[in-house]
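Here are a few exercises to work through with the model open beside you. Try each task before you read its solution.

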Amino acid sequence: MSLWIDLYRTDDYVRDSRIDLLSILVPVFESALGEPLRDVTFILNFHPISDLHELSGEPALVNLRSGHGYVTVQIVRNGRLIYRHPHSVREVIGRPLQRLLAARHPDERQWGFGVSGPGLEAITMERPAPRLHGTVDVDTRRTGPRVLHIEELPDPEPPLADLDQLGVEPAVKAEPGAVTAVLAAPVEPLMLHDMPLSNEVEEGGFLVGRLLRDRVGGGQLVQVTSAIPAERTGASLLHFTFTGESFLRINEMVARTGGDVRLVGWYHTHLFPATKGIGLSSIDVDLHASTFRRAWHLAALINIDETGKRVLRAYTWNGKAMQPAAYHPGASWTP
């Protein structure tokens with residue numbers, strides 16, 4: 001059996017290290033059976049049954065493949081079955097792993113793990129959104145006279161620019177009145193090749209840059225200068241989730257940058273090949289329409305196929321639906 005345990009540190013579940021699964025299982029079953037197990041074969045059959053019980057104790061430890069929360073363990077010696085019984089993954093892997101991590105990393109309070117290896121490729125990984133601490137529920141029902149009024153102020157008029165200024169090929173012209181995205185020099189190769197992206201769970205982040213007014217066609221030019229992975233997110237094979245803390249952290253970063261740099265959109269991945277008929281999912285559209293509410297806000301989608309090939313597309317919201325947005329590779333720009 002050639003299986004291992006992938007470890008992820010903190011409740012952001014940052015990949016940390018990998019350990020051999022047998023190093024966890026052998027001591028457990030040597031203790032249970034009362035005999036050494038140096039000359040045996042372990043056969044594991046993971047069952048697609050969720051285990052919703054949390055592992056008590058410290059450090060907190062989450063099974064990131066909890067959709068297969070139970071495993072039948074068989075132990076064979078010289079062709080003879082000496083043990084067979086179903087267990088929860090939490091019991092036979094999670095608990096001893098927790099003790100090991102507590103001894104090796106006493107200062108780390110949160111871990112995630114997932115069993116991986118040949119034959120387990122179909123077991124999906126899911127990274128839960130981090131729990132927020134110190135939050136307060138606010139009752140918005142009116143019980144008295146209104147004492148606070150919030151009114152949204154219009155954005156200031158963006159500076160004028162044109163595609164030539166942004167380093168886009170002279171032959172390219174923006175559609176009159178349209179939203180056109182320009183990916184500054186490092187951004188397109190980063191998103192298409194260089195950015196580390198998982199092939200097991202969807203990932204995503206934020207697009208940061210400048211909003212400009214096209215002096216030629218009158219539309220809006222969105223210059224994307226950075227694509228920044230989001231922090232404090234949740235993810236699985238089928239979805240990607242921002243939290244309030246994700247936005248707090250990116251807004252703090254943008255504020256420190258200063259100038260006219262702002263949050264101009266978001267990106268995330270789909271783990272299947274791009275097709276003309278399938279773009280953003282209904283969940284993606286709902287997220288964009290409720291959170292990125294300016295007509296020039298971009299939603300960038302990176303499709304990743306089984307070979308690792310990536311296809312990048314961009315979308316904007318027209319008030320009723322998402323529509324494809326033109327984007328072009330460009331250069332940096334200084335007003």
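**Exercise 1. Sort the lining of the second largest pocket by class: how many residues are nonpolar, polar and charged?**

Solution. 
- Step 1: take a pocket as an open set of points on a 1 Å grid over the protein atoms alone, with protein on both sides within 12 Å along at least five of seven lines, and lining residues as those with an atom within 4 Å of a point.
- Step 2: count Ala, Val, Leu, Ile, Met, Phe, Trp, Tyr, Cys and Pro as nonpolar, Asp, Glu, Lys and Arg as charged, and the others, Gly among them, as polar.
- Step 3: the lining then has 13 nonpolar, three polar and seven charged residues.
- Step 4: the volume of this second largest pocket is about 600 Å³, and of its 23 lining residues, Asp-12, Tyr-13, Val-14, Arg-127 and Glu-203 are the closest to the centre.

Keep in mind that this is a predicted model, where local features need pLDDT of at least 70, side-chain atom pairs count only at pLDDT 80 or more, and totals for chains, interfaces and linings use all residues. Residues are numbered from 1 along each chain as its sequence is written, and side-chain values use heavy atoms, with hydrogens and water left out.

**Exercise 2. Locate the largest nonpolar core and name the element that gives the most to it.**

Solution. 
- Step 1: join buried Ala, Val, Leu, Ile, Met, Phe, Trp, Tyr and Cys residues through side-chain atoms within 4.5 Å, where buried means under 20% relative accessible area (1.4 Å probe, protein chains only).
- Step 2: the largest core has 30 residues, and Ile-5, Phe-29, Phe-42, Phe-46, Ile-93 and Leu-97 have the most contacts (heavy atoms within 4.5 Å) inside it.
- Step 3: α2, a helix (DSSP H or I, at least four residues), gives the most, with five residues.
- Step 4: a second, separate core of 24 residues includes Met-125, Val-208, Ala-230 and Leu-280.

Definitions and conventions. On a 1 Å grid over the protein atoms alone, a cavity is a set of points where a 1.4 Å probe fits but cannot get out, and a pocket is an open set with protein on both sides within 12 Å along at least five of seven lines; lining residues have an atom within 4 Å of a point. Grid points are joined across faces, edges and corners, and a volume is the space filled by probe spheres set on the points. Buried means under 20% relative accessible area, exposed over 50%, partly exposed in between (1.4 Å probe, protein chains only). Helices (H or I, at least four residues) and strands (E, at least two) are DSSP runs, numbered from the N terminus.
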